[in-house]
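Visitor: I would like to learn how to read a protein model. Please take me through one, feature by feature.

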Amino acid sequence: MTTLDPHSPPPLPPAPPATRTAVRFTDVRKSYPDGDHTIEVLSGVNVAIEEGSFTAVMGPSGSGKSTFLNIAAGLDAPSSGSVEVGGQDLGGLRGDAVTVFRRDRLGFVFQAYNLLPHLTVAENVELPALLGAPAIDPAWRQQVLGLVGLADKAGRLPGQLSGGQAQRVAIARALATKPAVVFADEPTGALDPHTATQVLDVLQRTAAHLRQTLVLVTHDPAVASAADRVLFLGGGVIAADLRRPTIAQITGQLTALNEAR
Ligand code: ADP
Ligand code: MG
């Protein structure tokens, strides 16, 4: 039996809050119909991605990177298992609630910029608000455009921009709603290597500046080497999970996964 000792030291201060999880996959499986059978692309993915971190997702072509990202972003549903994003269990959302959650809490950058040609740069950044998301303060919109280096282009139309500038508008739009998580699937695949490097640098630095969680699918080891963590998909699972790997470690891991196929 324990008794309270009046001379015992005061209780320890509470522990600092544990790092919060931005994205959690629990036993996620995903199959697609393939002729008269099914192919299982994800065969039990378990991972927790910390809030505010930058995670790169890599793996051979067809290893399920886009499937992983689309499921994390609520664009596709897992066949089984659970997905939690920003503290919300996506499986618990019904009907339009997933769309509203995506619109208000998540950001996306795709390979195609998806800018509306008849809207100005400023209007394209404010597009989520035009679609019903919370309004974006013009001063904040200008600040985000400044972070991506386009403060002086707010009045331009997309047709007057280079590919790199257009993708930076898409980045500003994805970040301006202050999403819990920003997802990007090979966002610079349509750009030349030099512009691609610049745009990825802007994406990463802006997300870090705004303390947003960034999950980026990339095939570029140099880009992934800037991440806090690199997840490698292979054989339907997270085949490797490296913290701050070097370019050589990343290249070695990719080679091993390609040889294992
Ligand atoms: P990655 O992005 O790593 O190249 P994907 O996630 O796009 O891989 O695709 C993984 C596998 O799943 C591929 O074999 C692809 O053909 C298959 N797949 C992806 N989406 C679908 C779909 N909607 N219907 C059927 N098969 C699909
Ligand atoms: Mg893909």
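Guide: Start with one residue. Leaving aside neighbours within four places in sequence, threonine 206 is in contact with Leu147, Val148 and Leu175. Keep in mind that this is a predicted model.

Visitor: In which element does threonine 206 lie?

Guide: Threonine 206 lies in helix α7.

Visitor: Is threonine 206 buried or exposed?

Guide: Buried means under 20% relative accessible area. Threonine 206 has a relative accessible area of 3%, so it is buried.

Visitor: What about another residue of that helix?

Guide: Take alanine 196, which is found in helix α7, residues 193-209. Its relative accessible area is 9%, so alanine 196 counts as buried too. Not counting residues up to four places away in sequence, alanine 196 touches Thr188 and Leu191.

Visitor: How far apart are the C-alpha atoms of alanine 196 and valine 215?

Guide: They are separated by 17 Å, and the two residues are 19 apart along the chain.

Visitor: How do I describe the protein as a whole?

Guide: Begin with the secondary structure, which comes to 9 helices and 10 strands. Then take the extent: along its principal axes the C-alpha trace spans about 75 × 55 × 45 Å.

Visitor: What share of the residues is buried?

Guide: Of the 261 residues in the protein, 44% are buried. As for the surface, the protein exposes about 13,300 Å², and carbon and sulfur atoms supply 55% of that area.

Visitor: How do I read contacts along the sequence?

Guide: Look at how far apart in sequence the partners are. Among contacts between residues at least 6 apart, 69% join residues at least 24 apart.

Visitor: How many side chains are positive, and how many negative?

Guide: There are 21 positive and 24 negative side chains. The centres of these two sets lie 5 Å apart.

Visitor: Now the ligand. Which residues surround ligand 1?

Guide: Read the shell as a list of residues, then ask which elements supply them. The shell holds Tyr32, Ile39, Val41, Pro60, Ser61, Gly62, Ser63, Gly64, Lys65, Ser66 and Thr67. Both β2 (37-50) and α1 (65-72) supply at least two residues of this shell.

Visitor: Which element gives the most to the shell around ligand 1?

Guide: That is α1, with 3 residues.

Visitor: Which atoms should I look at there?

Guide: A polar side-chain atom of threonine 67 lies 2.6 Å from an oxygen atom of ligand 1. For glycine 64, a backbone N or O atom lies 3.0 Å from an oxygen atom of ligand 1. For serine 63, a backbone N or O atom is 3.2 Å from an oxygen atom of the ligand. On its own, ligand 1 has 570 Å² of accessible area, and the protein covers 57% of it.

Visitor: How many residues of α1 are buried?

Guide: Helix α1 is mostly covered, with 6 of its 8 residues buried. The buried ones are Lys65, Thr67, Phe68, Leu69, Ile71 and Ala72. Just after α1 comes glycine 74, with a positive phi of about 70°.

Visitor: Which residues have a positive phi without being glycine?

Guide: Read the backbone angle together with the residue type. Aspartate 27 is not a glycine, yet has a positive phi of about 50°. Its place is in strand β1, residues 21-34. With a relative accessible area of 46%, aspartate 27 is partly exposed.

Visitor: What is the phi of lysine 178?

Guide: Lysine 178 has a positive phi of about 55°, although it is not a glycine. This lysine 178 is found in the loop between α6 (163-176) and β7 (181-185). At a relative accessible area of 49%, lysine 178 is partly exposed.

Visitor: And a charged residue that is covered?

Guide: Consider glutamate 126, found in the loop between α3 (121-125) and α4 (127-130). The relative accessibility of glutamate 126 is 19%, so it counts as buried.

Visitor: What does glutamate 126 touch?

Guide: Not counting residues up to four places away in sequence, glutamate 126 touches Ile136 and Arg141. With arginine 141 there is a polar contact of 2.8 Å between the side chains.

Conventions. Residues are numbered from 1 along each chain as its sequence is written. Chains are lettered from A and ligands numbered from 1 in the order in which they are written. This is a predicted model: local features need pLDDT of at least 70, side-chain atom pairs count only at pLDDT 80 or more; totals for chains, interfaces and linings use all residues. Side-chain values use heavy atoms; hydrogens and water are left out. Helices (H or I, at least four residues) and strands (E, at least two) are DSSP runs, numbered from the N terminus. Buried means under 20% relative accessible area, exposed over 50%, partly exposed in between (1.4 Å probe, protein chains only). Contact means heavy atoms within 4.5 Å. Accessible areas come from the Shrake-Rupley method with a 1.4 Å probe; for residues, only the protein chains shown count as cover. Lys and Arg count as positive and Asp and Glu as negative; His and the chain ends are not counted. The place of a charge is taken as NZ of Lys, CZ of Arg, CG of Asp or CD of Glu. A residue is near a molecule or strand if one of its heavy atoms lies within 4 Å of it. A polar contact is a pair of N or O atoms within 3.5 Å; within protein, one must be able to donate a hydrogen and the other to accept it, and residues adjacent in sequence count only if both atoms are side-chain atoms.
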